[in-house]
Amino acid sequence: MSGIRLKQERSLVRLFDVTSRHVATAALATGGVIWAWRRLARRHDRRRLERYIHLAAILEETAAPAFVKTLDGRYRIVSPAYERLHGIRDAAGRYDHEVHHPDKIADIHRHDTDVLVGNGPVAYEEELDGRWFMTTLHALRDGRGRPYAIFGAGVDVTQLRLAEGKFRS
């Protein structure tokens, strides 16, 4: 019986015996996995970067005023059309109260709250310097569905408003 027990103990020792060859193999395998993971991450980052470059180009070239701002009202991304419309420069990094007239802040806050509480976009019309805009706000949400920013884009509907006025007259 002791002979069988000795064989079992030796096989367990062999089973758990870690040699430098095993360590080297494990390190090589781990290094390979890490290398593959990094390569995938770089490829994914490259695709994400390309998408951001395309989005930035669209924002730069579009005639529609558009922006992305944080939940506390700080503008992160602002299209040149938005800056021209509001007569400001370098709006990114500034807050609502630094960009808009104090009379408009209450309406802006109400619209922001509506889009954050609701399940979809919020659209509203506003008049700026004799021109009418239909502005649509969207809550940008993370993977868990929590809002982290607000995206807004406007469309000049002045011609439509003028046509409606002529039709009604």
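R131 is partly exposed, at a relative accessibility of 39%, where partly exposed covers what lies between buried (under 20% relative accessible area) and exposed (over 50%), computed with a 1.4 Å probe and protein chains only. The structure is a predicted model, in which local features need pLDDT of at least 70 and side-chain atom pairs count only at pLDDT 80 or more, while totals for chains, interfaces and linings use all residues. Residues are numbered from 1 along each chain as its sequence is written, and side-chain values use heavy atoms, with hydrogens and water left out.

The side chain of R131 meets that of D156 in a salt bridge, with 3.1 Å from N to O; a salt bridge here is a side-chain nitrogen of Lys or Arg within 4 Å of a carboxyl oxygen of Asp or Glu. Because R131 belongs to strand β4 (residues 131-141) and D156 to strand β5 (residues 147-156), the pair ties together parts that are 25 residues apart in sequence. Elsewhere, salt bridges that share partners join K69, D96 and D112 into one network.

The protein chain has 6 helices and 5 strands, which are DSSP runs numbered from the N terminus, with helices (H or I) of at least four residues and strands (E) of at least two. Starting at the N terminus, the order of the elements is α-α-β-β-α-α-α-β-β-β-α. The protein chain has 169 residues, of which 22% are buried. If one takes contacts (heavy atoms within 4.5 Å) between residues at least 6 apart in sequence, 32% of them join residues at least 24 apart.

R161 and E125 meet through their side chains in a salt bridge of 2.7 Å, N to O. This pair links distant parts of the chain, since R161 is in helix α6 (residues 158-168) and E125 is in strand β3, 36 residues apart. R161 is partly exposed at 31% relative accessibility, and E125 is partly exposed as well, with a relative accessible area of 37%. In the other pair, the side chains of D107 and R110 form a salt bridge at 3.1 Å, N to O. Because D107 and R110 are 3 residues apart in helix α5 (residues 102-117), about one helical turn separates them. The relative accessible area is 36% for D107, which is partly exposed, and 42% for R110, which is also partly exposed.

Which residues are linked into a cluster by ring pairs? They are F67, Y75 and Y82. In the whole structure there are 3 aromatic pairs, meaning rings of Phe, Tyr and Trp (its six-membered ring) whose centres lie within 6.5 Å, with planes under 30 degrees apart counted as stacked, over 60 as edge-to-face and the rest as tilted. F67 and Y82 make a tilted pair, at 5.2 Å centre to centre and 55 degrees between the planes. Since F67 lies in strand β1 (residues 66-70) and Y82 in helix α3 (residues 80-86), the pair ties together parts that are 15 residues apart in sequence. The pair of Y75 and Y82 is tilted because the ring centres are 5.8 Å apart and the planes stand at 40 degrees. F67 is buried at a relative accessible area of 7%, Y82 is buried at 6%, and Y75 is buried at 1%.
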